[in-house]
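Me: I have a structure open and would like to go through it with you. Could we take it piece by piece?

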Amino acid sequence: ADGDAADGEKDFKKCKSCHAITDPDGEDIVKGGKTGPNLWGVIGRQAGTEPEFEGKYGDSLVAAGEAGLVWTEELLTEYSHDPKAFLADYLDDDKAKSKMTFKLKDSEDVAAYLATFGDG
Ligand code: HEM
């Protein structure tokens with residue numbers, strides 16, 4: 001992917017109101033809000049499956065994961081541009097809903113940054 005992880009670290013400031021990056025030992029790499037799931041290891045993870053966030057995900061995101069959506073840098077970038085439109089497209093369902101309403105136009109750097117945490 002084409003993202004720059006160092007720039008992505010700065011851009012992640014826009015995400016941390018709702019997302020923390022917490023490693024498997026429980027250590028906060030980035031302290032963040034709990035409105036959204038922990039994004040440690042998100043690249044390579046099936047969508048809608050962060051264990052601590054189970055039960056809080058929206059149905060559409062869970063359905064996308066069950067249909068085979070696994071986050072790559074490219075897909076995470078597309079999702080962040082417009083989560084609802086992404087899910088509608090992925091599920092081929094105009095009524096798809098997203099609990100994440102935030103949109104970030106240029107998010108490939110954030111995707112590259114997130115790829116540095118976890119085994120994905
Ligand atoms: C879900 C990334 C900003 C709230 C997600 C997911 C990703 C993501 C990849 C899916 C995670 C998974 O499948 O486990 C980002 C990035 C952001 C950002 C890169 C910044 C560019 C925000 C903000 C909010 C937010 C600012 C709150 C206002 C949520 C919520 C979900 C979510 C509630 C669950 C969505 C659902 O279940 O439909 N985010 N996010 N995010 N995010 Fe964000």
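Me: Which residues does Asp 28 touch, not counting residues up to four places away in sequence?
Reply: Asp 28 touches Ile 21 and Thr 22 once residues up to four places away in sequence are set aside. Please keep in mind that this is a predicted model.

Me: Where does Asp 28 lie, and is Asp 28 buried, partly exposed or exposed?
Reply: Asp 28 lies in strand E2. With a relative accessible area of 33%, Asp 28 is partly exposed, since buried would require under 20% and exposed over 50%.

Me: What separates the C-alpha atoms of Asp 28 and Phe 102?
Reply: A distance of 22 Å separates those C-alpha atoms, and the two residues are 74 residues apart along the chain.

Me: Changing topic to the metal. Which residues coordinate the iron atom of the ligand?
Reply: His 19, through NE2, and Met 100, through SD, coordinate the iron atom of the ligand at 2.0 to 2.1 Å.

Me: What is the arrangement of the donor atoms around the iron atom?
Reply: The arrangement is octahedral, because the six donor atoms around the iron atom of the ligand subtend angles of 87 to 178 degrees. For six octahedral donors the ideal angles are 90 or 180 degrees.

Me: Where do His 19 and Met 100 lie?
Reply: His 19 lies in the loop between helix H1 (5-11) and strand E1 (21-22), whereas Met 100 lies in the loop between H4 and helix H5 (108-114). The pair therefore ties together parts that are 81 residues apart in sequence.

Me: Is His 19 buried or exposed? And what about Met 100?
Reply: His 19 counts as buried, at 10% relative accessibility. Met 100 counts as partly exposed, at 21% relative accessibility.

Me: On to the helices. How do the axes of H3 and H4 cross?
Reply: The axes of helix H3 (residues 73-81) and helix H4 (residues 83-91) come within 5 Å and cross at roughly 120 degrees. H3 is therefore oblique to H4.

Me: Which residues meet there?
Reply: From H3, the residues are Leu 75, Glu 78, Tyr 79, Ser 80 and His 81, and they meet Pro 83, Phe 86 and Leu 87 in H4. By class, this contact has five nonpolar, two polar and one charged residues.

Me: Which residues in H4 are buried, and what covers them?
Reply: Pro 83, Phe 86, Leu 87 and Ala 88 are buried in H4. The cover over the buried residues of H4 includes helix H2 (59-66) and H3.

Me: Next, where does Phe 117 lie, and what is in contact with Phe 117 beyond its neighbours within four places in sequence?
Reply: Phe 117 lies in the segment after H5. Leaving those neighbours aside, Phe 117 is in contact with Ile 21, Ile 29, Trp 40 and Gly 41. Phe 117 counts as buried, at 12% relative accessibility. Its C-alpha atom and that of Thr 101, 16 residues apart along the chain, are separated by 24 Å.

Me: Last one: where does Gly 44 lie, and what separates the C-alpha atoms of Gly 44 and Ala 115?
Reply: Gly 44 lies in the loop between strand E2 (28-30) and H2. A distance of 8.7 Å separates the C-alpha atoms of Gly 44 and Ala 115, which are 71 residues apart along the chain. Gly 44 is partly exposed, with a relative accessible area of 48%.

Methods. Residues numbered from 1 in each chain as written. Predicted model: local features only at pLDDT ≥ 70, side-chain atom pairs only at ≥ 80, totals over all residues. Heavy atoms only, no water. Axes fitted to C-alpha atoms, helices over the stretch in contact; angles between N-to-C directions. Helix = DSSP H or I, 4+ residues; strand = E, 2+ residues; numbered from the N terminus. Parallel < 35°, antiparallel > 145°, perpendicular 65-115°, else oblique. Contact = heavy atoms within 4.5 Å. Nonpolar A, V, L, I, M, F, W, Y, C, P; charged D, E, K, R; others polar. Donors = N, O, S within 2.8 Å, 3.2 Å for Na, K, Ca; no water. Tetrahedral: all angles 85-135°; square planar, octahedral: opposite > 155°, others 65-115°. Buried < 20%, exposed > 50% of the residue type's maximum accessible area, 1.4 Å probe, protein only.
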